Amino acid sequence: MANEDAQRPSGAPAVVLLPGTNFNAATSLVLATELARHWTTYLLDVPGQPGLSSPNRPSRHRLPFYGQWLGDILDQAVGRPAILVGHSLGGGIALACDSPLVRGRVLISPAGLARLSVDRRVLSATLPWLLRPTDNRSTRLLRMMSGPHSTPGAELAAWMTLVARNCRSSLAPAPLPPHAVAQARNTVNLVATGEHDIFLPPARLRIPTTRGLHTRVHVLPGTGHLATDEAPQRISTLVAEAVRRGTTGR
């Protein structure tokens, strides 16, 4: 999906939004709508994830495969400098893409930097959801993925139930090797995660972000792993910073 606005400056970068595991364009409209208010925005379905893209999922070296796929998308469909906004798996894909069209990245709870934290509490919600999915079990899992004061919507719970019943959920990819992360330092990188993210809390991302990307982690107050739904305006502010720095080189 792309939003085009002829009133926007022709030299402004596009924004390309990449959803996370089990999510797609249709479930990312909260953030996409906010971004499209300011920039030409492309919203992609990731191959091998539920959505309208290819059903084929790479079995090995997933992030390098996806990085090349994204580079092809930038060349063939976007065709202009771009800021990549990636959530979870989408963040790892953005990190793995070394296209010269990339002017910056905003990485929200990104894969590719650290392994996800999966404790007993998470497993106690995930396994029943996978084995016998119901909307109640989907809601329980989504609540764990949300901030303490957020309530997951019924439509998102219904989507997660549909995914568990009809799709084989993928695992999180392994972190990228250091040389692959280092190549991403040639442009602006802003990393953020939710204060209450159960998979990639701030403490888990701080060291690999500092060492690998030479930048800091922005903590999104009150949010969880689903910060893209919980804090779209805060993320839009980070994108604005990436656009400014990616355009001016400062």
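In this predicted model, helix α2 (residues 62–78) packs against helix α3 (residues 89–96) at an angle of about 70 degrees, and the two axes lie 8 Å apart. The angle makes α2 roughly perpendicular to α3. On the α2 side, the residues that take part are Leu63, Pro64, Tyr66, Gly67, Trp69 and Leu70, and they meet Leu89, Gly92, Ile93, Ala94 and Ala96 of α3. Sorted by class, this contact between α2 and α3 holds nine nonpolar residues, two polar ones and no charged ones.

Eight of its eight residues are buried, so α3 is largely enclosed by the rest of the structure. The buried residues are Leu89, Gly90, Gly91, Gly92, Ile93, Ala94, Leu95 and Ala96. Their cover includes helix α2 together with strands β2 (14–18), β4 (82–87) and β5 (102–108), as well as helices α7 (178–183) and α8 (202–213).

The largest nonpolar core has 51 residues, and the members that touch the most others are Val16, Leu70, Leu74 and Ile93. In soluble globular proteins, nonpolar side chains tend to be buried together. Leu74 gives a sense of the surroundings: beyond the residues up to four places away in sequence, Leu74 touches Val16, Gly79, Arg80, Ala82, Leu84, Cys97, Ser99, Leu101 and Val102. There is also a second, separate core of 22 residues, with Leu35, Leu238, Val239 and Ala242 among them.

Attention now turns to Ala184, which sits in the loop between α7 and β6. Ala184 has a relative accessible area of 0% and is therefore buried. Apart from neighbours within four places in sequence, Ala184 is in contact with Leu95, Arg105, Asn189 and Leu213; Leu95 is one of the buried residues of α3. Ala184 and Ser99 are separated by 85 residues in sequence, while their C-alpha atoms are 9.9 Å apart in space.

Asn189 belongs to strand β6 (residues 188–194). With a relative accessibility of 5%, Asn189 counts as buried too, because that value is under 20%. Its side chain reaches the backbone oxygen of Ala184 at 2.7 Å, and a polar contact of 3.2 Å joins the side chains of Asn189 and Arg105. Setting aside neighbours within four places in sequence, the contacts of Asn189 are Arg105, Ala184, Leu213 and Thr215. Arg105 and Leu213 are likewise in contact with Ala184.

Definitions and conventions: Residues are numbered from 1 along each chain as its sequence is written. This is a predicted model: local features need pLDDT of at least 70, side-chain atom pairs count only at pLDDT 80 or more; totals for chains, interfaces and linings use all residues. Side-chain values use heavy atoms; hydrogens and water are left out. A nonpolar core is a set of buried Ala, Val, Leu, Ile, Met, Phe, Trp, Tyr and Cys residues joined through side-chain atoms within 4.5 Å. Buried means under 20% relative accessible area, exposed over 50%, partly exposed in between (1.4 Å probe, protein chains only). Contact means heavy atoms within 4.5 Å. Axes are lines fitted to C-alpha atoms, for helices over the stretch in contact, and angles run from 0 to 180 degrees between N-to-C directions. Helices (H or I, at least four residues) and strands (E, at least two) are DSSP runs, numbered from the N terminus. Angles under 35 degrees count as roughly parallel, over 145 as roughly antiparallel, 65 to 115 as roughly perpendicular and the rest as oblique. Ala, Val, Leu, Ile, Met, Phe, Trp, Tyr, Cys and Pro count as nonpolar, Asp, Glu, Lys and Arg as charged, and the others, Gly among them, as polar. A polar contact is a pair of N or O atoms within 3.5 Å; within protein, one must be able to donate a hydrogen and the other to accept it, and residues adjacent in sequence count only if both atoms are side-chain atoms.
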